[in-house]
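Hi everyone, thanks for coming. Let me put the structure up on the screen, and then we can walk through a few places in it together.

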Amino acid sequence: MFSAYADLEERMRGRLGGRECLYVPSCRFGLFLALRHWCRPGGKVLMSPVNDDVILFVVLAAGLRPVQAPLDPRDGSIDPSAVPESVWRDLSAVLTTNLYGNPDPAPELRGHCDRLGIPLIEDAAHAIGSTVGGRPVGTYGEASVFSLSKHTGAKTGGFLALADPVHRAELTAARDALLHPTRPTAELIHLVRPYAESTLRGLRLVGAARAAVRRLGLEEREEIRMPLRAGELARALTSAPALDPFHSWVRVDMHDYRLRPGAGRLRRTTRRFGRLDDVLAAHRTGTALLLSGGYGTAEAFPGRAAAGTSPAGPPQPLYRVPLLVEDRNAAVAALARRRITTGYLYDPPLDSYAGEAFTDPSPAPEPAAWFARHALPVDPRHATEALTVLRGAGIRPARPSMVPGGSR
């Protein structure tokens, strides 16, 4: 088992310029390890409000208080200039999101963390191939977490990358202590699921595929956000830091998030990871096409370079390209009629979703609310068809003239 971990870790180490990498069964699990290792319980963590609600629950499970950051409405990245100094001084850590693969301003955030003497932790689940400041996303923080469920489509696995390898032994022990043992049934479901879904899609039974996934307990959301269950959550907080009291929230859409992988799962993950460069190339091509299609940042904010572009090279290989549309519900419906699924919507922002009982609200919430309402994340591998559908349906680009900061 160790040799399989070692192979995956060595490949990822090469992508990050030699950073120490520790295999984890999921990005959310790796993030919990990092937060517990670098942050004392009771501390406050700056994070993006346009983010998966699972990450909010991971932060809470680590015994920490989420603080929602102001966002740049042009691309959904954290806006450090809009964070008041009073908020900076009260933080124990900063957590990036790199939403849809578009980088947060890590060099600037790194500077703030150095000034304050607090850790920067990078959530690079969407950004395994993205760069910022001429370096790979995930090479600025004390720790960074990556997912193999996204670009590779492995539906399992990830990495916790470390700036200082001295932390590896302690984090390895913490990982192994928290892992659940391999379950043959879970391994079988994981290995069979892609073939079952592929067969149903081939039969044009996408609805049946999604229903089957739900019956297996692998997808549980009826709405964009899962039910908060505030009373239960308040009781769970009394036991933090700990994963078990938060398990019913943290496991959503990925019940195997802390499962020790079996040999078959690791072999499939290794094969898919080996194809990553080809996948990233396809995402770059599709990203470029979508950004030139009339629904990008440059159209919504004239004079602004499109989100997902890099001034020193080709477009970023975005996991999803956040087009900015006036009526997102109509856009989602138009794409669905052509069996193009829109996923990974993060609306409403986490401060509106969770309330002040569970998070400090953003000091400037309007830009995040606008972005969350208008961002349409499109898989760049379906760029041509998606643009054809949107144009044919008369979907108009968003016009953010009333958004605070929108004219910057």
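Let's start with a question: in which loop does Leu243 lie? Leu243 lies in the loop between α9 (230–237) and α10 (247–250). A quick word on the labels: helices (H or I, at least four residues) and strands (E, at least two) are DSSP runs, numbered from the N terminus.

Before we go on, please keep in mind that this is a predicted model, where local features need pLDDT of at least 70 and side-chain atom pairs count only at pLDDT 80 or more, while totals for chains, interfaces and linings use all residues. Residues are numbered from 1 along each chain as its sequence is written, and side-chain values use heavy atoms, with hydrogens and water left out.

Is Leu243 buried or exposed? Leu243 counts as buried, because its relative accessibility is 4% and buried means under 20% relative accessible area, exposed over 50%, and partly exposed in between (1.4 Å probe, protein chains only). Leaving out residues up to four places away in sequence, Leu243 touches Phe29, Phe32, Ala61, Val250, Tyr257 and Arg258; contact here means heavy atoms within 4.5 Å. Take Phe32: it is 211 residues from Leu243 along the chain, yet their C-alpha atoms are separated by 8.3 Å.

Now the overall picture. The protein chain has 17 helices and eleven strands. Of its 408 residues, 56% count as buried. Among contacts with a separation of 6 or more, 74% are between residues 24 or more positions apart.

Next, helices that pack together. Two packed helices are described by the angle between their axes and the distance between the axes. The axes are lines fitted to C-alpha atoms, for helices over the stretch in contact, and the angles run from 0 to 180 degrees between N-to-C directions.

Look at helix α2 (residues 27–38), which packs against α3 at an angle of about 30°, with the axes 9 Å apart. The two are therefore roughly parallel to each other: angles under 35 degrees count as roughly parallel, over 145 as roughly antiparallel, 65 to 115 as roughly perpendicular and the rest as oblique. The crossing of α2 over α3 is right-handed, a term for the near helix being turned clockwise from the far one by less than a right angle, with anticlockwise making it left-handed. On the α2 side the contact is made by Arg28, Leu31, Phe32 and Leu35, and on the α3 side by Val54, Ile55, Val58, Val59 and Ala61. These residues divide into eight nonpolar, no polar and one charged. For that sorting, Ala, Val, Leu, Ile, Met, Phe, Trp, Tyr, Cys and Pro count as nonpolar, Asp, Glu, Lys and Arg as charged, and the others, Gly among them, as polar.

Let's move to helix α17 (residues 383–392), which packs with helix α14 (residues 328–337) at about 120°, their axes 9 Å apart. That angle makes α14 oblique to α17. Which residues make this contact? They are Ala331, Ala334 and Leu335 of α14, with Ala386, Val389 and Leu390 of α17. The tally is six nonpolar, no polar and no charged.

Helix α12 (residues 276–291) also meets α17: the axes come within 9 Å and cross at roughly 20°. That makes α12 roughly parallel to α17. Here Gly286, Leu289 and Leu290 in α12 meet Ala383, Thr384 and Leu387 in α17, and the residues split into four nonpolar, two polar and no charged.

Last topic: aromatic rings. Rings of Phe, Tyr and Trp (its six-membered ring) pair if their centres lie within 6.5 Å; planes under 30 degrees apart count as stacked, over 60 as edge-to-face and the rest as tilted. By this rule the count comes to eight aromatic pairs. One of them is Tyr5 with Tyr23, a stacked pair at 5.1 Å centre to centre with 20° between the planes. This pair links distant parts of the chain, with Tyr5 in helix α1 (residues 2–15) and Tyr23 in strand β1 (residues 20–24), 18 residues apart. Tyr5 is buried at a relative accessible area of 5%, and Tyr23 is buried at 1%.

Then there is Phe57 with Tyr353, an edge-to-face pair: 6.4 Å centre to centre, 80° between the planes. Phe57 sits in helix α3 (residues 53–61) and Tyr353 in helix α15 (residues 350–354), 296 residues apart.

Finally, Tyr5, Tyr23, Phe159 and Phe273 form one aromatic cluster.
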